[in-house]
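Here's a quick walk through a few spots in this protein. Have a look at the fold, then read on.

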Amino acid sequence: MHKNIWHPFTIIKDAAEPLKVKSGKGAYLTLEDGRQVLDCISSWWVNLHGHAHPDIAKAIYEQAQQLEHVIFAGFTHDPAEQLAELITDELPKKLNRVFFSDNGSTAVEVGMKVAYQYWKNLGQDRKTFICFEGAYHGDTLGAMSAGDRSTFTEVFKDWLFDVEVIPYPETWIGDTERAKKEDAVIDQLELLLDEHPEKYAGILMEPLVQGAGGMRMCSEEFLQKVHWSNRQFDTLLLFDEVMTGFGRTGDYFACKRAQVEPDIICLSKGITGGFMPLSVTVCSDEIYESFNSSDPIKTFWHGHSYTANPLGCAAGIASWKLLKENEATFKGMEAWHLEQFTKLEGHPRLEKFRVKGTIAAFDLKNDEETGYFNSVAKRIKEECVDQGLLLRPLGNVLYLMPPYCLTKPELEGIYEKIGELV
């Protein structure tokens, strides 16, 4: 460990020496000792197009020579306006108002604050959010409050506000109980909304895939049912697409794949192709207009020093162009995963195979309790580098989320090596 660095999500006493990365190119990272490893998880899910992509690097370089940053209160600039137009053109039609911030946790925090204040601006005191078991929305206090209570939040439990929590009907290939689980959750959701319609500011969820919760996946039909319930009981639907956005689930956004229109959507991670920290929270015109007042109390008093940073926006524009060029890849990768599943199906230590777009996952069975602290994760992280792979299991859940520059033969090679690891 470097004497001056404190690494995230790391049990310091037990941590192995971190691997030093010297460079990246495409889907590969080169370590200090010369070994190359294939980045199977897009470096914490942010790298869409491969490392050091020249188009994004060039866009940042050219923007840095023109304008590196400017205060975004009272000022604007072309990169922010262009990126906002590109994103909203691909989102459901009513999502038109873009609020910039810096990271996924903050994008969710902004979304929750906007939802809460929206009702305040309408003269209604709606304080509570309906959230889902297993959720992860970030590490700021509001985002933690909306997420699953666990070891990660235990220290701060006295600081967190209460939310209503309902089950998440996770499913997998061959799950015969899917519809039954979904209907039970919808019944519970509608009971809450029916009994206290004036209580709830919104329903907050990770659509189609819960990321840090274990790559738990739900169906498109379930999202449609949640959307229907949301509309019947007049509350707001918030989608945390920090991870699922920008092609990850096989369409530009999970809401598009499910043909659902949320009221607020939170986006980050892949927005700049993994080059710069940036996020956006997008809401409907109706929500935006509730803040359109000369009364200071109705203003959204929120901002960040690097809001709409021009370098980040320039990276976002370049990444979006690459996303359009690679549409066939991120829309076709689900079929690649399904084809490779046949090599591992039937293995006695693997179960619950599941896939959404570019994201594939399955559970590893052992004698320990399932969850983040299952020791199999540590073993795989240590041994996978010797196989030339970067994997970071979520406990006993092994998943793949590769960049879109990955070739089909490379994906085949990953699955072969996973078979050897297992």
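Where does Ser 268 lie? Ser 268 sits in the loop between β11 (264–267) and β12 (279–284), with strands being DSSP E runs of at least two residues and helices H or I runs of at least four, numbered from the N terminus.

Before going further: this is a predicted model, where local features need pLDDT of at least 70 and side-chain atom pairs count only at pLDDT 80 or more, while totals for chains, interfaces and linings use all residues. Residues are numbered from 1 along each chain as its sequence is written, and side-chain values use heavy atoms, leaving out hydrogens and water.

The side chain of Ser 268 reaches the backbone nitrogen of Gly 104 at 3.3 Å. Leaving aside residues up to four places away in sequence, Ser 268 touches Asn 103, Gly 104, Val 242, Phe 246, Leu 278 and Ser 279 (touching means heavy atoms within 4.5 Å).

Next up is Gln 117, found in helix α4 (residues 104–121). A polar atom of the Gln 117 side chain lies 3.4 Å from the backbone oxygen of Lys 298. Apart from residues up to four places away in sequence, Gln 117 touches Phe 291, Ile 297, Lys 298, Thr 299 and Phe 300.

Then there's Trp 44, placed in helix α1 (residues 42–45).

Here is how these residues are covered (buried is under 20% relative accessible area, exposed over 50%, partly exposed in between, with a 1.4 Å probe and protein chains only):

| Residue | Relative accessible area | Class |
|---|---|---|
| Ser 268 | 5% | buried |
| Gln 117 | 14% | buried |
| Trp 44 | 38% | partly exposed |

Definitions and conventions. A polar contact is a pair of N or O atoms within 3.5 Å; within protein, one must be able to donate a hydrogen and the other to accept it, and residues adjacent in sequence count only if both atoms are side-chain atoms.
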